[in-house]
Amino acid sequence: MACPRLVLFVALMSTLGQCDSFLAPLAHHPGKPWTGLTTPNAASHLPCLQHTQQRSSASHNRLASMKLSPSDFPAPPATNEGPCTAAVRRYWDGMNRRDVEYALAQFADDIVFQDMMFQEPFKDKKELRAHFEKCLDGFPEGLLFVIDDISNDSGDGKCGAFWHCETPEGKAFPFSRGLSYYACNEGGKLTFAREIPEPTTKTGSSGLALARFGSFMMQFIPESIVFPKI
């Protein structure tokens, strides 16, 4: 009976040596090394296990050597982007190149642009041009806007995005994250924008307390005072 068992064992070892899909999960399972062979240099007898270990080591070395910047994962343009999404990309591109006229060309004449750092919206291109120029004059040299992700309008002419700013060296600029919502007309020109930059002061739980106090004070505000909804 010893000979048939030996033949079966050799056949089994040959099958395992050719089955990379069987050994790869075992080689990668954390905390549970494969114990099918008891010899110290078992891996040397199995080419597929050697290759698996080499791939794993190479991947680990690559990850350890990577110095990732926020812009290593930008939102790439899609081939089927809607007009609103494409207009937003062109607008941000113009701002990054400090080309105010190109950025303004993406907006309709009756644009309503809400920068939530300001009390009142900018309601035409003249006001918006002055706003853009003032912003670019105040930004550090070389500061770039990076779109982290953006939705693709599916024919409704609307999209949202979140973004951040970073230095030319790829370092994220502090307090520069933000969210935006945009809408465009049938001609692909942006008619509405609301940009919400990250606040420099994090109120946390105190902000909730202020909200509760504000809710209480609302009962004393005359009905003639109306706050904007949009």
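## Basis of the model

The structure is a predicted model, in which local features need pLDDT of at least 70 and side-chain atom pairs count only at pLDDT 80 or more, whereas totals for chains, interfaces and linings use all residues. Residues are numbered from 1 along each chain as its sequence is written, and side-chain values use heavy atoms, with hydrogens and water left out.

## Overall fold

The protein chain contains seven helices and five strands. These elements are DSSP runs numbered from the N terminus, with helices (H or I) of at least four residues and strands (E) of at least two. Along the sequence, their order is α-α-α-α-α-β-α-β-β-β-β-α.

Of the 230 residues in the protein chain, 28% are buried. Here buried means under 20% relative accessible area, exposed means over 50%, and partly exposed lies in between, with a 1.4 Å probe and protein chains only.

The largest nonpolar core comprises 28 residues, and Tyr91, Phe113, Phe132 and Tyr182 have the most contacts inside it. Such a core is a set of buried Ala, Val, Leu, Ile, Met, Phe, Trp, Tyr and Cys residues joined through side-chain atoms within 4.5 Å. Two or more residues each come from H4, H5 (100-104), E1, H6, E2 (144-150), E3, E4 (178-184) and E5. H4 supplies the largest share, six residues. In soluble globular proteins, nonpolar side chains tend to be buried together.

The buried residues of H4 include Cys84, Tyr91, Trp92 and Met95, and also Arg89. The 14 residues of H4 should span 20 Å at 1.5 Å a residue, and this agrees with the 20 Å between its end C-alpha atoms; the expected span is 1.5 Å times one less than the number of residues.

## The largest pocket

The largest pocket has a volume of about 520 Å³. Of its 25 lining residues, Asp115, Met117, Phe139, Trp163 and Pro197 are the closest to its centre. Helix H4 (83-96), strand E1 (107-115), helix H6 (125-138), strand E3 (158-166) and strand E5 (190-197) each give two or more residues to the lining.

On a 1 Å grid over the protein atoms alone, a pocket is an open set of points with protein on both sides within 12 Å along at least five of seven lines, and lining residues have an atom within 4 Å of a point. The lining divides into 19 nonpolar, three polar and three charged residues.

## Cysteines

The whole structure holds zero disulfides, a disulfide being a pair of cysteine sulfur atoms within 2.5 Å. The sulfur of cysteine 159 has its closest cysteine sulfur in cysteine 84, at 3.6 Å, which is too far for a bond. Cysteine 159 is buried, at 2% relative accessibility, and cysteine 135 is also buried, at 19%.

## Loop residues

Arginine 98 lies in the loop between H4 and H5 and has a positive phi near 60°, although this residue is not a glycine. Its relative accessible area of 31% makes arginine 98 partly exposed. Phenylalanine 175, in the loop between E3 and E4, likewise has a positive phi, of about 55°, and is partly exposed at 45% relative accessibility.

Proline 140 is in the loop between H6 and E2 and is partly exposed, with a relative accessible area of 35%. The C-alpha atoms of proline 140 and threonine 167 are separated by 8.5 Å, although these residues are 27 residues apart along the chain.

Definitions and conventions: 1 Å grid on protein atoms, 1.4 Å probe; cavity = no way out; pocket = protein on both sides within 12 Å on 5 of 7 lines; lining within 4 Å. Points joined across faces, edges and corners; volume = space filled by probe spheres on them. Nonpolar A, V, L, I, M, F, W, Y, C, P; charged D, E, K, R; others polar.
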